[in-house]
Amino acid sequence: VLVVPALEGEFEAAWQNSIPQHIVLARGLGISQLVVAVNKLDAIEWSQVRYDTIKTKLLPYLKQSGGFLEKRIHFVPVSG
């Protein structure tokens, strides 16, 4: 499970710092299936636009740089 923040600014900071590293690390450890939990959506009133923006940014990276198959990547909106 890869947990990413939905809040503007937080996602972008995580994208610049840790998200790509965690994706490469997960793949290097042999993980071939991934659940991406888009967290804190309650704080932005469950914005479908923001959820889709994050998914649109992550999915190509996960497929191209992470080597994950699209059918093995699942995005889940969460609040925790």
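This is a predicted model: local features need pLDDT of at least 70, side-chain atom pairs count only at pLDDT 80 or more; totals for chains, interfaces and linings use all residues.
Residues are numbered from 1 along each chain as its sequence is written, and side-chain values use heavy atoms, with hydrogens and water left out.

Three strands form an open sheet in the order S1-S2-S3 with parallel pairing, where two strands pair if DSSP finds at least two bridges between them. Strand S1 (2–5) and strand S3 (73–77) each have a single partner strand and stand at the edges, so one side of each lacks a neighbour in the sheet. Four bridges join S1 to S2 (residues 34–39), and one of the pairs is valine 4 with valine 38. Between S2 and S3 there are five bridges, and valine 35 has histidine 74 in S3 as its bridge partner. The chain passes from S2 through H3 to S3 in a right-handed β-α-β crossover, a term that applies if, with the strands pointing away from the viewer, the path from the first strand over the helix to the second runs clockwise.

Five of the six residues of S2 are buried, that is, under 20% relative accessible area with a 1.4 Å probe and protein chains only. Beyond its neighbours within four places in sequence, valine 4 is in contact (heavy atoms within 4.5 Å) with residues including Phe11, Ile19, Ile54 and Leu58.

Methods:
Helices (H or I, at least four residues) and strands (E, at least two) are DSSP runs, numbered from the N terminus. Buried means under 20% relative accessible area, exposed over 50%, partly exposed in between (1.4 Å probe, protein chains only).
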